Amino acid sequence: MSSILIEAVHAEWTKLRTVRSTAWLLATMTVLTVGISAIAVGVVKCPASCTADTTKTSLTGVMLGQAIVAVLAVLVMSGEYGTGMIRATITATPRRLVMLSAKAIILTAVVITMAAVSVLGSLLAGRFLLPHNGFTRAAAFVPLLAYHGPTLRAAVGSVLYLGLIALFSLGVATAVRDSGVAMTVMLGLIYIVPIFGGLVLSAHWRHIFGQYAPTSAGLAIQVTKDLAAQPIGPWAGLGVLAAWTAAALLAGGLLLRLRDA
Amino acid sequence: MNAKAPDTMGEPTITPYQSSQPVGNDGFGQLLRSEWIKFRTIRGWVIAMIAAAILVGLPIVTLGNTAKDNNSIPNQPIGPNGLAVVDSFYFQHRPIGVDATITARVTALTGHTLLPPNKGAFKPPGAARPQPWAKAGIIVKASTEPGSAYAAILVTADHGVRFQYDFTHDVAGLSGTASAAAPRWIRLTRAGDLITGYDSVNGRTWSTVGTVRLHGLPATSQAGPFVASPTEYYSGQQFANNDGQPFTTIATAKFDRVALTGAAPGGSWRDTQVGAGQVGPLCGAQTGLSCGAQAKKNHDVPGSASGSGGAVTLSGAGDIAPYLAIVDPIGLSYKGSLIGLIVVIALAALFITSEYRRGMIRTTFTASPRRGRILVAKAIVIGSTTFAAGLVGAAVAFPITEHKIAANGWPTSIYPIRAIASGIGLQFVIGTAALLAVGTVLTLAIGALLRRSAGTIAVAVLVTIFPLVLATVLPQTPADWLLRLTPAAGFGLQQGNVHYSQVSTTCLPYNGCYPLAPWTGFGVLCAWALAGLVAAVIVVRRRDA
């Protein structure tokens, strides 16, 4: 890394860690993710639902955790516009794309770290709660955390998923600047679009939503059973989300360069 | 001279300054007006509110327009009111004239759920018991044609004696089930087209349960004992399969002391399986059962009768009831208003948090120090503007969506086209507007508590919309509790399928069905908004601005 980028990363890290909301949001994200996952594995019972994808169930909390990740990522950029801090930031780092890259690097590092903790905590909850609900070896259930390729893929993929959501939100926030608007766009993409995919009474459209909606496709990475029945494969789905993220960052970066702060 | 007299003359009295300007109006009306001016003078907000009206209506119409997956809906017989019905039962009958009485004693009603081998390890609870609405009784029916007019007095497994007629009507009689120790006597009389149902515990003292005039009942109708046992839905689990699983149930009833007067000349007792299928309405992709296999399975459980005349044992499946649709296309289409909801949530959040961000809140509180009233005024302004915008969007969408759904081939005997002024129409239009309005009040309260826009919008979406997402991936019992207790209960207003307490059905949020009645669910949302507003008022009054 060039020294200018290293300095910018250092500056962003100082800003991020000295804002009280960062620690609060990361703690909330971890607690809610593990909490919702624990509730989900606590209520799913075998034999009533032996067909459940237990890995996916154990990672249910990611559906909530992503909203908190989005809040954090939006504030990293929009918070500065809200307070006018952005002008000081750009004065200190006039090369705006370097500033955006520094934010992206430090945000990804922080989110990936806490996402790994959250995903591990969620799988641990599944590991200890599922056998009590009838998911035993006798019922052909592989205990979570034992080496199991698809589970590993779902776990690593969920961490990457949360990292991509953070970058996606950063791109959107850079493009629209206002935190309220950025949050509305992100929450719409995270929750309303997948709900639509489920609502539409047309197999054709359902399939299209599953393949191209950023979060519906991205969460395909959590599936470990009946892969053939999914609208999109796990890594391909995460790739769709990555493409959306790249587009958002590109748009944000362009607007950042072209526009007055 | 009195030394104690107060000295009022020594110094002149100082009169405090009073402005000659008239006293300004600091009433609540003024407060409302100032909040309304704050809202309408920000052009972006007004544009966003107009956009919200469009974003309520347009997605609803779009979802209605794309709702085409209706090819698994079976053909059902049509009842006297033109709506689809389930009409299959095992019937021992003979023709009667216009003046007849039929009496019977029911001494047992037993039953169980049939477990098909392909249901895997899942054993539904209560499989050894009769279905709660398994029914045995006596019926007067225009003909043995499914869907024809009828009136019946019957004993149910769990809901006592009932007088039912023309599929949708149900009147309760004696409670308790029928057994050899405590049998139930039942009687039906026909006088012209007037049918009356009676019940008794001893066959001597009778009480009237209900009376109905069946217009156009032919002079010769069919009457006799019958048995039916509705399909039971067990929600196996929804992680892989989002539908309730239909299981065939079967019931057996023992009748004795069957007595009939007023028989039509020339007739005799006959046994008939009314209706093609003994079992329920479901087959097709939703159930995992092909319609062919379902039909084949129906032949596997034929009704039967033994004995005749005085004492008879009948066995069979089926039901005499309105056909209840599982999928709710209009309800699902109206969830399209969620796009409008997220826009008005953002507006409501900004309506309060932007005052904090710009420091405007200090001016607001200086101008009107009673902070609680300011919050209430803000709630009224954002709530009523949202209501107006939502009303326009939802009202324009309703007739268009109803016609789109019908044009997409959803049968009108199951999904009738309803007028906007009908009960369901008003529930959808006014309900959607009210749902959005109360959502903004809840958001405003959250905004007053958090003071930051990003956090407010996130929390508001997580408490109102996220439960809908979670409810589709959790098993049904916890999912139902989520939709009873969280603000998302309010979406129950967007239910278009009618339910009857006397008909067992399956109710899954995935299909647009909610555990609470529409307006009850709305009440839950209102309670949350009210609690939020009270909390916000308390906190805002105690806190520095």
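In this predicted model, helix α8 of chain B covers residues 423-450. Its 28 residues reach 39 Å from first C-alpha to last, close to the 40 Å expected at 1.5 Å a residue. That said, α8(B) does have a kink of about 25°, and the kink is centred on Gly431(B). Most of α8(B) is covered, with 22 of its 28 residues buried. Just past the end of α8(B) sits Arg451(B), whose phi is positive at about 65°.

Chain A has its own α8, made up of residues 179-199. This helix has 21 residues and reaches 29 Å between its first and last C-alpha, close to the 30 Å expected at 1.5 Å a residue. A kink turns up here too: α8(A) bends by about 40°, centred on Gly188(A).

For background, most residues other than glycine have a negative phi. Asp166(B) is not a glycine, yet its phi is positive at about 45°. Asp166(B) is found in the loop between β4 (161-165) and β5 (169-172) of chain B. It counts as partly exposed because it has 17 C-beta neighbours inside 10 Å, which falls between the cut-offs of 12 or fewer for exposed and 20 or more for buried. Arg257(B), also not a glycine, has a positive phi of about 50°. Rather than in a loop, Arg257(B) lies in strand β12 of chain B, residues 249-263. With 14 C-beta neighbours inside 10 Å, Arg257(B) is put down as partly exposed.

Back in chain A, there is a helix pair to describe. Two packed helices are described by the angle between their axes and the distance between the axes. For α6(A), residues 96-129, and α11(A), the axes come within 9 Å and cross at roughly 140°. The crossing of α6(A) past α11(A) is right-handed. On the α6(A) side, the meeting residues are Arg96(A), Leu97(A) and Leu100(A), and they face Gly253(A), Leu256(A) and Arg257(A) in α11(A). By type, this contact splits into 3 nonpolar, 1 polar and 2 charged residues.

The segment after α11(A), a helix that takes in residues 234-258, holds Ala261(A). Having 14 other C-beta atoms within 10 Å, Ala261(A) is partly exposed. Leaving aside residues up to four places away in sequence, Ala261(A) touches Ile86(A), Arg87(A) and Ile90(A). Ala261(A) can also be placed relative to Val74(A): the two are 187 residues apart in sequence and 16 Å apart in space, C-alpha to C-alpha.

Finally, the two chains meet. Contacts link 39 residues of chain B with 37 residues of chain A. On the side of chain B that touches chain A, at least two residues each come from α2 (43-66), α4 (329-334), α5 (338-358), α9 (453-464) and α10 (466-471). The largest share belongs to α5(B), which brings 8 residues. Sorted by type, this side of chain B has 29 nonpolar, 6 polar and 4 charged residues.

Notes. Residues numbered from 1 in each chain as written. Chains lettered and ligands numbered in written order. Predicted model: local features only at pLDDT ≥ 70, side-chain atom pairs only at ≥ 80, totals over all residues. Contact = placed C-beta atoms within 7 Å. Helix = DSSP H or I, 4+ residues; strand = E, 2+ residues; numbered from the N terminus. Nonpolar A, V, L, I, M, F, W, Y, C, P; charged D, E, K, R; others polar. Expected span 1.5 Å × (residues − 1). Bend = angle between axes of the 7 residues up to and from the residue. Axes fitted to C-alpha atoms, helices over the stretch in contact; angles between N-to-C directions. Left-handed = near helix turned anticlockwise from the far one by under 90°.
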